Amino acid sequence: MVRSILLKLSESKGFAHWVTTNSSTRRMSHRFVAGETLDEALQAARQCNDAGMLATLDYLGENVSTAADAQKARDAYIEIFDRIFKEKLNANVSCKLTQLGLDLSPEFCEGQVLSIAERAAAYDNFLRIDMESSIYTQRTVELVKRVRTQTPTVGAVIQSYLYRSESDVQDLLSYGCRIRLCKGAYKESEEVAFPGKADVDANYVKLMRTLLPSGFYHGIATHDPKMIAATIRCASENDISKDDFEFQMLYGVRTDLQRRLVHDGYRVRIYIPYGRDWFPYFMRRLAERPANLMFFLRNFLRS
Ligand SMILES: Cc1cc2nc3c(=O)[nH]c(=O)nc-3n(C[C@H](O)[C@H](O)[C@H](O)COP(=O)(O)OP(=O)(O)OC[C@H]3O[C@@H](n4cnc5c(N)ncnc54)[C@H](O)[C@@H]3O)c2cc1C
């Protein structure tokens, strides 16, 4: 119930304006967001690298309504790749298609993705296309497949809460696509997504067991100790090396677990979001966990 309300609020422009202009809530966003500037994000990536972790940088933004905003986002992503190279960081990039103009025109968006992917390829780096709500799933999978026919430096994300994900995994694997597996962060109806957590988790394990032995390098994105233990078991049963996949976690979430996995010799990549448009991302993080909402409310009431 609380999750649904928070996810609904994450789409409200009025509430977004109130939250993002309030100095207390802006301060609190730092719990999950590295900062508003690229310099701050690069500094967070440097700290990850120093702690033995990899990074992926995300310039926050989604559902832009003008081509000019979409082009600004594309330029920002190209700059991120330039700076990662210049500063010799071990990091790649994650982006959202609705930030690059998917709502305006799929062809325009594809051109934008291609130009970012080409810059990634020039540096032998990698661009991950985040997965958004289910109304975009088909278009996202199609676009990733088309861009991959021109440059293989692009990967996809699959959400285990969607019924369709098993067939999307098979489809993307047939294109040699690298996949990030996550549970899914959006509000979805029972028509498209498993309503119960047990089914989402069971599907996560099932998809992970398809991905890991597939011969491609995938990202297992979760903070759930049960999913992590199942992945470690699957790797050991199938003789898959610790270097042949990576765990991925969000900036500011379960840093203890991040460190433990690094200590145990696993590759861990941290998803580092930055930028001024942090509101929807922040709300999705609050919705994931009642404790995060309590942290927010406690600090807000104290301020
Ligand atoms: C690197 C990365 C990239 C992602 N990309 C996408 C994407 O492209 N599209 C998409 O829909 N979703 C994405 N997600 C979000 C994902 O779908 C889940 O919403 C989120 O990861 C929570 O699921 P979980 O697997 O951690 O398990 P859950 O079952 O939600 O949580 C398991 C345990 O993890 C801990 N935990 C989880 N979330 C939090 C939190 N916010 N704060 C503190 N502790 C927490 C708690 O201990 C909890 O009990 C991504 C997640 C990661 C880690």
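In this briefing, Ala, Val, Leu, Ile, Met, Phe, Trp, Tyr, Cys and Pro count as nonpolar, Asp, Glu, Lys and Arg as charged, and the others, Gly among them, as polar. The structure is a predicted model, in which local features need pLDDT of at least 70 and side-chain atom pairs count only at pLDDT 80 or more, while totals for chains, interfaces and linings use all residues. Residues are numbered from 1 along each chain as its sequence is written, and side-chain values use heavy atoms, with hydrogens and water left out.

**Largest pocket**
- The largest pocket has a volume of about 1500 Å³, taken as the space filled by probe spheres set on grid points that are joined across faces, edges and corners.
- A pocket is an open set of points on a 1 Å grid over the protein atoms alone, where a 1.4 Å probe fits, with protein on both sides within 12 Å along at least five of seven lines; lining residues have an atom within 4 Å of a point.
- Its lining holds 50 residues, of which Lys183, Gly184, Ala185, Arg285 and Glu288 lie nearest the centre.
- By class, the lining of the largest pocket divides into 23 nonpolar, 10 polar and 17 charged residues.
- Helix 12 gives the most to this lining, with six residues; helices (H or I, at least four residues) are DSSP runs, numbered from the N terminus.

**Second largest pocket**
- The second largest pocket contains about 1100 Å³ of space.
- Gly61, Glu62, Asn63, Asp277 and Pro280 are the closest to its centre among the 42 residues that line the second largest pocket.
- Helix 5 (67-86) provides the largest share of that lining, six residues.
- The lining of the second largest pocket comprises 16 nonpolar, 13 polar and 13 charged residues.

Definitions and conventions:
Helices (H or I, at least four residues) and strands (E, at least two) are DSSP runs, numbered from the N terminus.
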